[in-house]
Amino acid sequence: MHGRPRKALKPEDEAASSAKAEKLRSLQAQFLANHQNSIYSKEALDLSAKLLEINPECYTAWNYRKLAVQHILSNSDSDPQSIFSDELKLVENALRKNFKSYGAWHHRKWVLSKGHSSIDKEMRLLNDFQKEDPRNFHAWNHRRFVAGLMERSEEDELKYTEKVIGANFSNYSAWHNRSVLLSNLLKREAEGYFPKEKVLEEEFQHVHNAIFTDPDDQSGWFYHLWLIDQTVKNEAPLLVSSWPSHGSSITIIGDNGLRGCGLSLLNGTQSDSGTLPIILYFNQAVKGINSSTVAIESELLTKELVWKPLAMNNSSTAQVWVVYLDLGNMELQQSKTYSVEINIGHSSGILSSNGNHYGDPSQISFEVFVQTANTEPTEGQGGKRTTWNDTNFQKIDHFQELDSIFTADQNHHIPKSLDWCTEEIVKEITNFRDLLSEYDCKIGKLTLARLLTALDMLSSQHDGRKSNTEEVLQLYTDLMKLDPTHSLYYKDERSLISLKQITSTRDSLLPYCHYHKDATETFTGHVCLRLQNLSLSRMGSIENLLWVQMLDLSHNELQSIEGLEAMQLLSCLNLSHNKFGSFTALGPLRLLKSLKVLNISYNELGSHSIDTTRYLCSSPVAHTEEFAWDRFETLTGSVNATNFWEAFLLFGSLALTELNISGNAVADENFRSFLVKVLPTLKWLDDEELS
Amino acid sequence: MTEPQDPFSFSSYPPIDPINFDLIVIGTALSESVIAAAASAVGKTVLHLDPNSFYGSHFASLSLHDLTSYLTSPHHPPRAASGGDSDYFGVDLVHQHPCSDVEIAFCDDESESFLRENSRKFNIDLGGPRALFSADKAINLLMKSGASQYMEFKGIDESFVYEANEGLANVPDSRGAIFRDKKLSLKEKNQLMRFFKLVLKHLDDTQEEKISEEDLEIPFVSFLEKMKLPPKIKSILLYAIAMVDYDQDNNEVCKDLLKTKDGIDCLAQYSSSVGRFPNAPGALLYPIYGEGELPQAFCRRAAVKGCIYVLRMPVISLLMEKVTGLYKGVRLASGQDLYSNQLILDPSFTVPSLPSLSRRDVLTERLQMLSQRDIKGMVARGICITKSSIKPDVSNCSVVYPPRSLYPEQVTSIKALQIGSNLAVCPAGTFILYFSTLCNDADEGKKLLKAAMNALLTLPVSENSESIPSVQSDSADIKPIVIWNAFYIQKLITSKFEFISSTPTPDGNLNYNDLLDATEKLFGQMYPNEEFFPKATSPEDPKDEDEDEDEDDDGEDSGITLES
């Protein structure tokens with residue numbers, strides 16, 4: 001139950017409890033002996049029942065009961081219904097002892113799915129249980145299961161949630177079940193649940209009552225968040241951006257350099273392999289990107305292309321997909337313009353993870369121009385080291401090529417029926433401004449910030465409405481002070497908003513673009529996006545940055561670079577002076593095949609004994625990876641190898657020429673020599689040129 | 001049940017034995033019954049008499065026929081029978097009917113005959129509207145005294161407040177009710193809930209934040225204004241939750257300005273009442289079979305402890321010692337004299353002032369004192385019987401009409417209670433509605449009640465009943481038709497502790513808190529060394545074994561029994 005403080009045991013109680021434990025132990029020993037010898041006699045069964053009634057957490061005993069049931073059922077003269085009802089009775093007793101026993105609930109489900117003649121009684125029992133503790137999520141889970149078995153209508157179940165919420169709206173489980181049921185009803189456009197707009201409006205009103213009555217109670221807010229999501233979300237997958245963008249022209253210099261949008265590709269990555277990447281960035285993870293759903297027409301196309309999902313977990317769905325046009329084997333004609341036309345979604349097959357089809361078929365066309373080489377051949381092939389000092393950069397006044405990135409953008413998604421969404425969000429904003437004028441609460445501020453963000457998102461597709469970014473940034477800044485416990489979250493959100501603001505227009509992005517001078521103090525003509533010193537704790541708006549080849553994110557507060565894998569052109573990356581605590585946090589880099597120069601100096605690599613990001617990411621023990629044990633062992637040799645797993649996973653798949661890892665706890669001599677072995681392409685490690 | 005008794009038949013009544021008691025109590029209204037039970041519980045010998053044929057006196061629940069005859073027929077206390085010795089001076093008791101200005105009306109002949117046929121199916125409260133808060137004194141006393149085992153309750157389903165031009169609105173009296181409320185704006189919901197939280201925080205001993213001492217002493221209404229609560233919320237808090245009688249915004253007419261600290265106590269009682277019993281949806285409870293069960297439960301409790309009960313036995317005079325003027329005993333209508341150390345008198349009995357007595361002695365002075373009553377105004381009460389509910393699908397509900405909600409000159413709030421047949425007080429398909437308000441005179445009181453009734457009901461038309469053209473639109477609810485109604489006025493007389501004590505008359509409150517406070521105080525004055533219902537140490541009356549739980553699993557319709 002909830003809100004009941006646990007009382008410390010009195011000494012006499014303690015004695016009683018140790019006597020109880022003694023009894024339980026002997027019971028358990030007897031039971032285990034029975035289990036081992038597969039004894040399913042009545043006495044043995046009674047013993048296990050007794051044990052479970054005292055301690056419903058004894059998982060082994062539940063398994064034994066399952067075996068016993070199966071054993072007895074195999075005797076032809078047994079009466080299944082009476083056996084099942086005995087089991088149900090036992091579970092009921094166990095649940096009365098401990099309402100939250102996973103094992104007991106699971107056993108009940110198992111028995112019911114074997115044969116459920118007593119399913120009506122099940123609903124009655126649940127109503128009883130749920131009256132006592134209306135929030136218990138086990139009971140709600142079971143309720144969903146039973147409702148499914150009984151084929152009870154979703155409308156009826158929805159009414160039940162209404163009743164429970166009406167009695168006490170502090171009930172996450174009930175709100176959650178409501179969202180589950182409504183999703184289904186909306187999806188199949190059940191009678192009375194169409195149109196979606198009408199239903200959502202009613203739900204907004206419903207949850208407002210909870211939020212306004214008690215803004216400090218969070219259960220309603222979660223439902224509200226779900227409603228906002230239902231309001232603004234685009235069910236259908238859409239293309240958000242691409243590289244090259246629509247209408248752009250890419251210049252290929254000679255046969256060893258590419259210039260696209262005025263950017264020459266650094267270090268000749270693509271020209272080395274002679275490939276030209278095409279990146280598609282969707283609004284959500286999709287699957288089914290292949291040569292039939294995405295049709296490419298061009299003379300440059302020589303063979304069937306294989307689209308690759310850019311995902312960390314070998315999944316076949318991803319938000320970003322990439323393909324490489326192989327130009328290496330082609331005899332390219334100088335001064336010729338090759339056109340490339342990409343048609344996306346004209347034949348079905350592109351699906352979101354919940355089965356929605358690609359929304360609007362769209363087209364991207366761009367030109368590839370081949371120019372005679374007139375620059376010095378090959379940079380970064382040795383000798384010169386990439387430096388990131390301010391003196392190495394010069395502001396850019398004119399950067400026309402950025403235009404094509406921003407003008408082309410609108411082409412991808414055609415707004416559809418957004419009027420209602422905008423109206424609804426504006427209504428919500430008014431409501432929450434009202435609430436905040438009455439009562440200053442953090443969750444009110446957070447919701448307002450989210451609503452304003454959603455509105456900006458809708459109207460940026462829509463019209464030139466004034467953006468609310470400044471207010472949102474202020475709200476998050478306030479929240480960081482008001483609610484320090486969650487300041488990291490607010491900081492993340494603020495980072496995303498800042499990045500969106502910076503990358504939203506050509507003019508806003510321009511001040512962050514610089515020409516780069518190399519170590520010999522000559523301008524290379526490379527453009528670097530410098531987003532340093534912005535207090536960023538999270539990376540975002542990557543859909544606007546697909547063109548970037550040189551990126552400076554130093555002097556921020558980044559702990560993760562989730563999403564960075566989409567920047568397939570990236571070849572120089574500065575992540576120094578951030579807060580990366582582990583190599584797994586740098587995982588997305590593994591997908592950046594063109595990355596040559598990496599600066600991760602002055603982070604916290606090796607400072608944390610426990611890697612908190614690990615549960616999100618791959619590790620050799622997680623069996624999600626093909627881990628090259630052989631190579632790993634030859635490389636590490638005598639070194640205490642386990643510490644280097646993560647580093648090996650990261651660097652083993654990169655072909656860096658420069659790496660700076662100084663200023664991290666991990667970077668000792670051992671590690672450096674390990675790196676040299678893992679990265680045979682490396683020319684510079686930290687500030688030293690390798691021989 | 002009770003045909004008028006031949007007064008002379010009293011003499012045939014078997015004599016009561018013994019004749020000496022610690023306490024004689026006359027009248028079986030709530031206060032008298034509680035004192036009888038409390039005195040019995042501490043080992044006093046008690047004789048409890050009632051001239052009526054029913055238990056409960058002013059708090060009885062009666063059949064329609066009995067109610068009508070009780071209200072309309074004046075009491076004629078039988079003249080003194082001969083007998084008794086002459087050591088004592090006999091002072092004749094005068095009975096004043098507790099109800100005056102009685103008006104009774106039927107709707108039409110058809111309903112009259114319906115009601116006559118079903119008269120016995122009614123249990124109509126004389127002291128209505130009355131209900132108990134789940135966490136109030138009465139409930140606690142019932143549990144403490146053991147009287148609760150004789151009673152069963154049901155929750156009042158809904159509490160409404162009447163709003164001018166708006167009609168009935170649910171009283172947003174809890175977090176859940178505020179959430180469910182359909183009439184408050186979102187902002188109002190927020191304001192009201194925050195105020196509740198403030199109060200709860202104040203009441204929570206573990207919380208530091210308290211309402212300041214100064215604020216606790218100012219009028220509650222000023223405090224609510226200070227908290228910037230809008231008039232609508234203020235009105236709900238004052239009249240529908242704290243249940244104040246007088247207009248708190250009008251200093252001229254307000255006889256009882258509630259202080260913040262008392263207002264907070266009212267809110268605390270209300271909020272702890274909501275949800276105290278799982279089957280009761282709101283704050284209020286009502287006994288199955290009517291409010292008359294309450295005094296009876298205490299009488300049964302008293303009887304278990306040895307109290308002797310005699311109904312239909314009027315007391316005709318008090319016996320006073322001639323020299324000292326001290327109370328000695330009573331003479332019954334049967335002619336028997338009985339003696340006790342103390343006497344509790346139903347407030348409708350008085351001794352006549354004795355102008356004829358010229359002697360200025362102790363006795364006269366004492367009798368003079370006894371004849372003086374402390375009258376604190378009046379309560380107007382009204383009862384209606386209808387065949388439909390004031391709110392569809394709601395059987396039992398309470399209604400408060402705050403001051404000025406009916407007309408601008410309305411200075412007191414009006415309380416109303418509708419009880420349906422599931423409480424076994426009326427035939428299926430009928431409803432009893434009780435109304436009451438404080439007033440200065442009978443006309444004012446009746447005017448208020450009629451306005452309150454008219455707002456929700458169609459009253460019987462008195463004369464030249466021109467049929468009103470039925471232009472009711474679809475949206476307007478059709479007002480239930482009243483098939484029978486009654487009005488009466490009761491004087492408010494407070495309790496008194498003298499050599500002869502008397503209990504208070506029914507007050508204008510919805511609950512019994514003030515009455516029970518007065519009763520407990522009276523008991524304390526009579527028996528300063530005795531505890532008011534000591535905690536039982538031995539399980540003398542074992543609890544009945546629980547009846548088999550009925551299979552009806554929703555449990556919605558089962559009554560609430562109080563468990564201590």
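What is the handedness of the crossing of helix 16 of chain A and helix 17 of chain A? The crossing is left-handed, a term that applies if the near helix is turned anticlockwise from the far one by less than a right angle, clockwise being right-handed. The model examined here is predicted, with local features needing pLDDT of at least 70 and side-chain atom pairs counting only at pLDDT 80 or more, while totals for chains, interfaces and linings use all residues. Residues are numbered from 1 along each chain as its sequence is written, chains are lettered from A and ligands numbered from 1 in the order in which they are written, and side-chain values use heavy atoms, with hydrogens and water left out.

To stay with this helix pair, helix 16 (residues 469-482) and helix 17 (residues 487-503) of chain A pack at an angle of about 165°, and their axes lie 9 Å apart. Helices (H or I, at least four residues) and strands (E, at least two) are DSSP runs, numbered from the N terminus; axes are lines fitted to C-alpha atoms, for helices over the stretch in contact, and angles run from 0 to 180 degrees between N-to-C directions. Helix 16 and helix 17 of chain A are therefore roughly antiparallel (over 145 degrees; under 35 is roughly parallel, 65 to 115 roughly perpendicular and the rest oblique). Contacts (heavy atoms within 4.5 Å) join residues of helix 16 of chain A, including Leu473(A), Tyr476(A) and Met480(A), to residues of helix 17 of chain A, among them Tyr490(A), Arg494(A) and Ile497(A).

Elsewhere in chain A, Asn177(A) is found in helix 9 (residues 172-187). Asn177(A) is buried, with a relative accessible area of 1%; buried means under 20%, exposed over 50% and partly exposed in between (1.4 Å probe, protein chains only). Leaving aside residues up to four places away in sequence, Asn177(A) touches Trp140(A), Arg144(A), Glu157(A) and Thr161(A).

Turning to chain B, helix 3 (residues 109-118) has Ser111(B), Leu115(B) and Asn118(B) as its buried residues. These cover an arc of only 70° around the axis, which puts them on the same side of helix 3 of chain B; the arc is that of the directions from the helix axis to the C-beta atoms. The face turned away from this buried side carries the exposed residues Asp109(B), Glu110(B), Arg116(B) and Glu117(B). The cover over the buried residues of helix 3 of chain B includes helix 2 (64-72), strand 6 (99-106), strand 18 (375-386) and strand 22 (482-493) of chain B.

Strand 19 (residues 397-401) of chain B is largely enclosed by the rest of the structure, because five of its five residues are buried. Cys397(B), Val399(B) and Tyr401(B) lie on one side, and Ser398(B) and Val400(B) on the other. Strand 19 of chain B pairs with strand 10 (residues 158-163) of chain B in the parallel sense over four bridges, with Val399(B) as the bridge partner of Phe160(B); pairing requires that DSSP finds at least two bridges between two strands. Five bridges also join strand 19 to the antiparallel strand 20 (residues 414-420) of chain B, where Leu417(B) stands opposite Ser398(B).

A further open sheet of chain B holds three strands in the order 8-12-9, with antiparallel pairing. Its edge strands are strand 8 (132-133) and strand 9 (153-155), each pairing on one side only.
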